[in-house]
Amino acid sequence: MGSDVDRITAKRFDQWATRLYVILFISALTILMFYTIIRPHTLTKNFDEPSFIFYNHLRKTYGDELKCRCSKIAFTYNQFVEIEPIFHSVCTSEFVLEGWRLALVKGLDPNLTVYEQKDYRQFLSAHLQYLQGLCQLSIQSVNNSIDEFLTSLLVTVELLSELNFENRLNILTEQIKINAPILFSRLLSSTQSILHGNAIISTYGTNFNYRILAYGSRYVYAYTEATIYDDECSCGLSPNCTIQGTLIERNSSRKIPLKGVRMGCTPSQSFLVSTLECFYDQSCLDLIQHYTNYENSLTPLSTTNLSHFSQNTTIGELINNLFIEQWSTQINYSSYYQQCSPSICSYTSIEKFNIFHTITVILGIQGGLTIVLKWICPKLVRIGSKIYHHRKNQSNTVHPINTNQVSSNATYNTTIQNTTWNNKITSMNIRLQNNVIPRGQSIFKMIFVIILLICILVGVTVLSVYYARQKPSLCHPAFKQLSITTSCQLKTPGASVIADVNSDNQVDLIFPCQYDRTVNILFGTGNGTFQTMMVISFETYSWIYHIRVRDMNNDGQVDLILVQKLEVTILFGYGNGTFQTQNMQSTAISGVPQHIAIVDLNHDNMLDIIVIIEFEDYVYIYLANINGTFLLDLALFITHNSNSQGLIVADFNNDTHLDIVIMNTNSLHIHIFYANTNGSYQPQKWLFTAIDAIYAGVVASDFDSDNRIDIAFLYGWRHIVCMLYRNNNNSFHVNEQITMESSIQLNSVVVGDLNGDNSLDIVIGTISQYEIYGLLGNGNGDFQIQTIHSNNLFSDQIWNDVTDFNNDNCQDIISINIDTNYIDIFLNTCECSIH
C-alpha cells in the first residue's frame, strides 16, 4: 500500500480491497454466467472419412444438417445411373425389317401406276419404309440423348442427400424425355414444311397432277392441279388431307378398307395420321398378304404387351414419344457416394444452454479476471481513501470567531482561559478520533454499493444491446416439391395465371402454348395435383404476353383476358371452365404490352384496363363503357426514353382512389401518379432507386403493418438489396437492407404469407440458375432470407406465384421454368424447417 501508510491503516485497506475484490468477482462471474447461458453458441461435430453405412446412420441421426465435403467434385453420370428405354413392339418386329419389306412388295407390279391412284398398294412400300426409318431414327435419337447425358459431368462440392440426389436425377432424366422428342419432331416438322411450302410433287402423284391445256395448234401448257381428299380438303392448301386407305380390285373396282390406314397428299404425312390397328389385326394382315401375293403368313403384333399406347394411337403420337413405351432408370446412390468419397462430414447445431460449455467458459475467464481484480482493487481502495481524507480535511477546518472579544479579555484569568481552551481541544480531538472509523466505514460502503450498481447496470446494458441486435427467429416453412410435365413449350411463363375458372373452389392453372396456338387449362383437384388438361384452340392466333382472369361483363362468371400484341381479347366464360371462342371481344392497343392491370378505376362497377407498352413513354388507361367496349381515356406521361417494366395499381394514400406506380428500368426511378377525386391524376412523384441494377423487381403491400401500402424494390448488383419505401402521409422513406450477400439474377417477384404469421413475405425466382428464395417478413419491414429451392438447371425465364393449392390454409408456391417445360409446385407442409 506504500511506505507512507502505517500498518493498521494498511491492514484496514487490505480488508476493504478484499471485500471489493469479492464483490466485483462475484458480480462479474454472475453476469458472465448469465450471458453464457442465454447466448446461443454453435456446436460442430466432425466425422473423418465415414463409411457408407456409418454415413447412413449419421444421416438418420442428424438429417439435412449433416454436411459432407466430396474429395472429388466432378464425375460422369454413367458411374451411378443406368437408363434403358423400352420401345414399342413394332420397332422390334418383322414389320421394320428391310428384307421382309422387300419380300412383301415383291409380289406387286413394279409399275405402280397400274393400280388406282387411291389404291393403298401404291402407298404400302413407302409406309413400311417410312415406319422403318422412323423407328431407327427414334432409337438413334434416344440413345444419343442418353449417351450425351451419361457422359456429362455432375459437379457437386458437397455430398447430396439420397433424396436430393434422386430428385435431381429424376428432373434431369425427365428433361431428356421431353427434349429428345421435341428435337425429333422439329426436324420432321421443318422437313414437311419445306416440302409443302415449295409445292414439291410426290412421286406417287398423290398431291398434285399435271393437266394439259392447249391453245390452238401451236401452244400447249402443262399446269398442276391439287388433289382433293375428304371434306373438300385440297393438298394445295394443306398437306394433311387424307382419306381412308383401301385396296381396290382391278376388275370390279370394289374397295376394301384397311383398319387404321390413311392415304393422303404424301405417304409420309398420311402415315403420321394412320394407326397400327392393322398390324394388330390378323384379318387386316391377311388382306395385305392376299393382295400383295405374299407367300408366307403374317403374324400380328401381340396385344398382351400393351402398356402405354393403345391400338388406335396415331403414328404421329408415337413419334412425339419416340416410340418409347417406358423408361427404365436405375440410380445407385452408393456408387455416387463412393465417387464423392467424402473426406469429412460435419454437423453444426445451435444450443442455447449447455452446462459444460458454461463451466468451460467461466473456468477459462476466471483466471484472467482474478489477476485483473487483484491488481485494480487495492488501487481503487487507495484512490477512495485519498478522496475521503481530502473531503474530511475540507469539512474539519476550524475558523476563529469573535477574535476581538478574546483579545480584550486576554489579560484576565489567563491561566483559567488556557486551561479551559486546552480541555475543549482535547475533548474535541477525542470525539474526532472516536468518529473516524464509523464514518469511514459508511463512505466505503457507499462506494462499494455504487460500484456494484455500476457493474449490474453495465451487465444489463450489455445484455439489452445484445438482445436488441438479435433478430427474432422466424418460422422457415418447409416445402414438398411436385413436378408436372407438359408437352407444350412454355415460351412465355409470365403469361400464366392461377384462378378458379370452373367454380369448384379449387385453384386452376391457365397458360398458353404459343407454338400450338392454344391456351391450356389445368383444373385443380384440391390436393396439389391437376386433372386432364383442357385445350382452347384458335384459328387465328397472335403471341400471348399476359393472361388475366376477371368478370368483365358482371355476369358472375369469370372471363379470360388474353393480352396480345396490338390487342386485348376477352373470352367470356360460362362458369364451368369453358369459354366462348366465337364471339370474342377485342380492344386495340398500340404495341407489345409489358404489363397490364384490370381494376375499377372510376367506381362505376365496371373493370377498366391500364396497360404499359414496350419502349413507350406513357401509361394508357382504357375505361369500360356500358356496352362492354373500352375507350382510351387518358395517357399519363412517364418520361422520355422510358422502358417501363413494372406496373402497380393500389390506394397508397388511403383516399379510396386507386393510384398508379411505374418502375422505369432505364432511369431506375419509380414514378407515382396519385389519383384525384374527379378521375384525373396529380403530377407524378418519383423515387430514385439505385445507381445501377442489372436485375430488378418491384412489388407493393403493407410490409410494416401500419395500414399503409409500401413499395419494395429489389435489385441485384454485388448483393441482393431490398429497398423498402415506407409510406408515411404520401411521402416515402427508404429503408435499405441487404438480404443476400451474393448476387443472383432476379426474374420473378411476388408477395405472400408463407409461414402464416400474418406478416407479408416476398418470393423471388432467379434465372441463369433455377432457384427460389423467400424473404420472410417480421411485420416491421425487415426480412430474413430462406432458400426454398435450388438446383444446377439453367433457367432463362421463370414465373412464380403464391396460393393454397391443397386447401390446408398454408400458401404454396408454383413455378414454371421456360427451359425445362416443368410446372413445379412446392406444397407448404405447414411446418417450420430447421435453419
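Predicted model: local features only at pLDDT ≥ 70, side-chain atom pairs only at ≥ 80, totals over all residues.
Trainee: How many helices and strands does the chain have?

Mentor: There are 13 helices and 40 strands.

Trainee: What about contacts between residues at least 6 apart in sequence: what percentage join residues at least 24 apart?

Mentor: Of those contacts, 54% do.

Trainee: New topic. How many cavities of 30 Å³ or more turn up in the whole structure?

Mentor: The search finds three. The largest cavity holds about 90 Å³ of space.

Trainee: Which helices each supply at least two residues of its lining?

Mentor: Four helices do: H3 (98–105), H4 (121–150), H7 (277–280) and H8 (282–291).

Trainee: Which residues line the largest cavity, then?

Mentor: Among them are Phe 95, Trp 100, Leu 104, Leu 124, Leu 128, Cys 278, Ile 288 and Leu 298. By class, the lining has twelve nonpolar residues, no polar ones and no charged ones.

Trainee: How much space lies in the second largest cavity?

Mentor: About 50 Å³.

Trainee: What classes of residue make up that lining?

Mentor: Four are nonpolar, three are polar and none is charged. The lining residues are Tyr 120, His 127, Val 261, Phe 271, Ser 274, Thr 275 and Phe 279. Tyr 120, Val 261 and Phe 279 also line the largest cavity.

Trainee: Let's switch to Asn 676. Where is Asn 676 in the chain?

Mentor: Asn 676 sits in a loop.

Trainee: Why does Asn 676 count as partly exposed?

Mentor: Because its relative accessible area is 24%, and partly exposed runs between the 20% cut-off for buried and the 50% cut-off for exposed.

Trainee: Which residues does Asn 676 touch, not counting those up to four places away in sequence?

Mentor: Asn 676 touches His 657, Tyr 681 and Gln 682.

Trainee: What joins the side chains of Asn 676 and Gln 682?

Mentor: A polar contact of 3.4 Å.

Trainee: And what separates the C-alpha atoms of Asn 676 and Asp 655?

Mentor: A distance of 9.2 Å. Along the chain, Asn 676 and Asp 655 are 21 residues apart.

Methods
Residues numbered from 1 in each chain as written. Heavy atoms only, no water. Contact = heavy atoms within 4.5 Å. Buried < 20%, exposed > 50% of the residue type's maximum accessible area, 1.4 Å probe, protein only. Polar contact = N/O pair within 3.5 Å; in protein donor to acceptor, adjacent residues only side chain to side chain. 1 Å grid on protein atoms, 1.4 Å probe; cavity = no way out; pocket = protein on both sides within 12 Å on 5 of 7 lines; lining within 4 Å. Points joined across faces, edges and corners; volume = space filled by probe spheres on them. Nonpolar A, V, L, I, M, F, W, Y, C, P; charged D, E, K, R; others polar.
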